[in-house]
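Keep the sequence and the 3D view open while reading.

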Amino acid sequence: MLSFLVLSPFVLAPVAAYVGGRWPSQVRWLALWPAGLALLAEHLLRTQVAVGGPITTALPWAAPLGLTLQFHADGLALVFALMITVIGALVVWYASAYLAGHRDLPRLLTALFLFMGAMLGVALSDNLFALFVFWELTGFTSYLLIGFEHDDAAARRAAMQAFVLTGAGGLALLAGATLLVQATGTTALSEMARAGDLASHPVYVWAVVLFFAAAFTKSAQVPFHFWLPGAMAAPTPISAYLHSATMVKAGVYLLARMTPVLGGTDLWSNTLLVVGGTTMVVGAWRAVQETDLKRVLAYTTVAALGALVLMIGIGTQGAAVAAIVYMIAHASYKGSLFMVVGAIDHETGTRDVTRLGGLRQKMPLTALAAALAAASMVGLPFFFGFFGKELFYEAGWTSARAPGLLLGVSVAASALMGVAALTAGVGPFVGRLSEVGERAHEAPRAMWTGPLSLAGAGVIFALAPGIINGPIGLAAAGITGAYQDVHIVLWHGFTPVLGFSALTLLLVAGLYSQRHRLRQLRPASVGSDRIFWGPLRALERVSEAVSPALYRGSIRGYVLVLIVATGGLLAAALLVGGGAPVPRGGLVPPRAFELVMVTVICVAALAAARATSSMRAVLALGTVGYGVALLFVTYGAPDLAMTQFSVETLTVVIFVLVFRMFGSFDHLSSRLVRLRDAIVAGVVGAVISALVLFVGTADEPSRLADFFAEAAPTLGHGRNVVNVILVDFRAFDTMGEITVLAVAAIGVHALLRIGAQERRNS
Amino acid sequence: MSPLILRTATRVLMPLMVLFALFMLVRGHNDPGGGFVGGLVVSAAYALLAFTSGVAEARRALIVDPERLLGVGLLVALFTGLSSALAGEPFLTALWWGGLGSPLFFDIGVFLVVIGVVLTMTFTLAED
């Protein structure tokens with residue numbers, strides 16, 4: 001069941017491409033799949049996890065290496081999976097209208113479903129290495145999604161930036177995972193928590209730092225927060241999905257997941273409090289200064305991610321519950337607001353808040369969704385966002401570390417986010433109808449149903465919190481490691497926290513009236529974009545300086561370097577470690593046939609060296625190859641010989657095709673150069689000969705050869721050992737090799753085609 | 001123009017070479033042969049045709065684009081590997097049904113990729 005939940009979106013991806021190409025008007029029905037998966041996740045949560053604890057399934061992959069596709073579903077994983085699938089369904093539904101008629105809709109759908117599968121993999125993987133693979137897959141697919149409008153240089157830049165940053169974080173994750181696996185002796189996350197006290201282990205600090213690097217880049221924490229606003233170059237449905245509800249939360253999810261394993265120390269909590277708090281304030285402050293609605297929302301997302309990291313840093317049961325509630329509330333109102341902004345953009349052609357106004361007359365249903373979502377985000381009572389904020393304040397208030405400071409920054413950031421919520425959710429709809437709104441009308445049905453149902457869910461959860469108490473408690477247990485019943489309620493008396501909530505609302509109202517002044521308070525650019533592009537440019541400059549020295553455009557030069565380097569290293573190794581190159585059993589006198597073949601090979605090699613045209617050189621080299629192949633035949637290696645013959649033939653064919661336009665060589669090398677080449681060739685030839693003789697001196701012949709010879713007929717059901725190795729014992733290597741071959745062929749094809757086209761154009 | 005004798009001989013040789021390649025592909029598990037060599041022989045056959053009758057003719061005779069063979073071959077190999085995962089075995093574990101085994105399908109994937117690689121390069125170079 002769990003495998004189906006994770007893997008079926010991957011299967012659906014090509015189907016989605018087909019549907020998108022064949023029946024573009026029916027694309028919206030694809031949303032039924034993630035909706036079904038959401039029901040499945042919900043079913044598993046209620047009937048199995050809530051009753052019998054976490055469920056686990058495993059698909060063996062490369063078990064001896066500890067690589068198993070093992071999925072583990074506890075409350076936290078399933079709540080996250082629910083968010084992924086529910087919002088995924090709404091986004092597919094929404095995108096079918098938003099991108100209706102777009103020629104690249106199939107491509108978008110494929111990447112979207114692949115992304116969904118990868119996210120579900122991140123949520124449910126128990127094996128750390130599998131988690132890493134899915135993590136990288138989310139980065140890769142989000143690269144495709146952010147760069148969807150690849151004609152646009154800004155989109156390509158943003159995609160590249162997000163990819164490089166989160167990719168670097170992914171590598172940190174791999175390193176951290178490797179450390180943890182070595183320290184605990186297990187690859188399963190669920191077992192690591194039981195592995196005992198890691199905090200005193202010597203690798204603990206490194207592991208924490210590496211996991212932080214992964215989570216902070218993915219979840220856009222300061223100082224890596226700049227990629228998220230940049231990623232707004234993506235189509236809006238993608239922003240709603242990746243940049244509010246799912247991918248950016250993967251970092252937070254990772255931190256939550258790792259809390260039972262790595263959490264509880266000063267290093268862990270203090271770093272999270274400082275980074276999360278800073279991110280929250282920076283994000284909220286920048287949000288009120290933007291005028292592009294998507295960027296406003298992007299910065300509030302940065303702020304919300306900071307708040308979530310902060311809550312994980314606090315680490316109490318209350319904070320864990322608060323983080324889950326905040327995460328769900330945020331997914332509902334932010335996903336909804338992104339879709340609303342997309343609808344506004346779709347109808348008016350602008351996202352500039354200073355040019356928008358009065359749209360409620362034209363787009364009443366979109367306005368309703370926007371109002372509900374904004375109310376939740378501001379934190380009005382009777383909306384789910386209110387719960388998130390209350391619990392957030394309470395977690396800060398009861399924190400063991402700096403409660404006053406935490407509460408202060410939380411209130412300030414929440415107030416600024418409230419202003420941003422009004423800017424995005426209310427500003428465009430009230431006041432006088434602006435010029436750009438004249439021709440607007442209500443968005444297509446698929447574009448208001450999504451945001452309205454998301455925002456509506458926020459109201460339902462607020463009015464009947466009982467329906468989600470269970471899942472929230474189960475999810476919080478994933479962070480704290482111990483289950484406690486949760487009862488969130490709308491009204492819990494006159495508490496200090498309620499006072500702060502009221503204060504926040506007053507601040508929002510006050511600050512919103514001054515929003516124009518806030519926008520002008522823009523401080524000198526923090527310019528963190530530069531910490532990304534600066535080093536990258538420096539790297540390019542270094543490479544520009546170094547490359548010409550190494551890359552001189554002479555193939556002969558490269559070959560010389562390669563041969564001298566290889567020959568030199570081999571000679572050094574032989575001189576240091578080798579004895580006399582005399583094989584066991586001594587040397588056998590050559591047979592007549594071998595003498596003939598060796599003579600032929602030598603003559604052909606000399607002819608190649610003395611050839612005055614490339615064609616002759618190619619033919620002479622071909623003769624050398626055939627000669628060697630004949631020797632293989634006499635030594636009982638028919639497979640090798642056959643392959644050598646075929647490769648030799650095709651090499652000659654390809655050489656001929658390349659060289660056919662050249663006649664005789666323009667000029668021959670000078671005497672000095674020829675002397676040098678002769679010496680290099682002679683010495684390296686001698687080294688290789690010595691090496692071959694030396695290999696024969698090994699006391700104990702490799703046991704692998706015997707193993708393969710014995711196992712081929714029994715385990716591999718084949719008598720041809722070479723073939724059995726290639727397609728069975730080492731099929732994985734072969735798989736890699738044919739992939740490389742295919743990529744090389746595509747490269748040749750592309751290079752030559754581009755060259756031919758440029759020549760035709762000029 | 002290409003020599004008459006070579007062109008006439010190619011007409012006879014080509015089908016024989018392709019048949020021989022298929023023969024090598026199928027027998028490969030027990031006797032010398034296999035997908036890699038088989039693919040090379042097929043490629044040689046079509047390269048020969050491209051030399052004597054032109055690339056356009058060779059492309060027509062191949063029916064599918066060599067670039068497409070790259071993808072199809074990789075997918076065949078990949079799905080062979082995944083089929084063992086469906087059977088509950090680790091990726092790329094060989095499955096046997098009597099004398100017929102999944103390695104043969106994997107080899108067919110190799111065969112197709114090799115043809116695709118060599119002919120993609122050869123045709124593009126020859127057309128240039």
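Where in chain A does A:Ala402 lie? This residue sits in the loop between helix 16 and helix 17 of chain A. The model is a predicted one, and every value below is computed from it.

**Backbone geometry**

Start with the backbone at A:Ala402. Its phi is near 40 degrees, a positive value in a residue other than glycine. Most residues other than glycine have a negative phi, and most peptide bonds are trans. A:Ala402 is partly exposed, because its relative accessible area of 43% falls between the cut-offs of 20% and 50%.

A:Phe382 also has a positive phi without being glycine; the value is near 70 degrees. The loop that holds A:Phe382 runs between helix 15 (364-378) and helix 16 (384-397) of chain A. A:Phe382 is partly exposed, with 49% relative accessible area.

The peptide bond between A:Val222 and A:Pro223 is cis. Omega there is about 5 degrees. A:Pro223 is placed in the loop between helix 8 (204-218) and helix 9 (227-230) of chain A.

Is A:Ser434 buried or exposed? A:Ser434 has a relative accessible area of 15%. Buried means under 20%, so A:Ser434 counts as buried. The side chain of A:Ser434 reaches the backbone oxygen of A:Arg355 at 2.8 Å. Leaving out residues up to four places away in sequence, A:Ser434 touches A:Arg355, A:Leu356 and A:Gly357.

A:Thr186 is buried as well, with a relative accessible area of 12%. This residue is found in the loop between helix 6 (153-184) and helix 7 (189-192) of chain A. A polar atom of the A:Thr186 side chain lies 3.0 Å from the backbone nitrogen of A:Ala188. Apart from neighbours within four places in sequence, A:Thr186 is in contact with A:Val181, A:Glu191 and A:Met192.

| Residue | Relative accessible area | Class |
|---|---|---|
| A:Thr186 | 12% | buried |
| A:Phe382 | 49% | partly exposed |
| A:Ala402 | 43% | partly exposed |
| A:Ser434 | 15% | buried |

**Chain A as a whole**

Chain A has 30 helices and two strands. Its C-alpha atoms fill a box of roughly 105 × 65 × 50 Å along the principal axes. Of its 762 residues, 50% count as buried. Chain A exposes about 34400 Å², and carbon and sulfur atoms supply 68% of that area. Take the contacts in chain A between residues at least 6 apart in sequence: 79% of them join residues at least 24 apart.

How is chain A divided by the domain assignment? The assignment gives domain 1 (1-263) and domain 2 (270-519). The centres of domain 1 and domain 2 of chain A, taken over C-alpha atoms, are 23 Å apart. Across the boundary, 45 residues of domain 1 are in contact with 45 residues of domain 2.

**A surface patch from both chains**

Which residues form the nonpolar patch on the surface? They are A:Trp61, B:Leu75, B:Leu78, B:Phe79 and B:Leu82. Together they have about 420 Å² of accessible area. Helix 4 (residues 66-86) of chain B gives the largest share, four residues. B:Phe79 is in that helix.

Definitions and conventions: Residues numbered from 1 in each chain as written. Chains lettered and ligands numbered in written order. Predicted model: local features only at pLDDT ≥ 70, side-chain atom pairs only at ≥ 80, totals over all residues. Heavy atoms only, no water. Patch = residues over 30% accessible without salt bridge, like charges linked within 9 Å, V, L, I, M, F, W, Y side chains within 5 Å. Areas by Shrake-Rupley, 256 points an atom, 1.4 Å probe, with all protein chains shown as cover. Salt bridge = Lys/Arg side-chain N within 4 Å of Asp/Glu carboxyl O. Buried < 20%, exposed > 50% of the residue type's maximum accessible area, 1.4 Å probe, protein only. Polar contact = N/O pair within 3.5 Å; in protein donor to acceptor, adjacent residues only side chain to side chain. Contact = heavy atoms within 4.5 Å. Domains from an automatic or database assignment.
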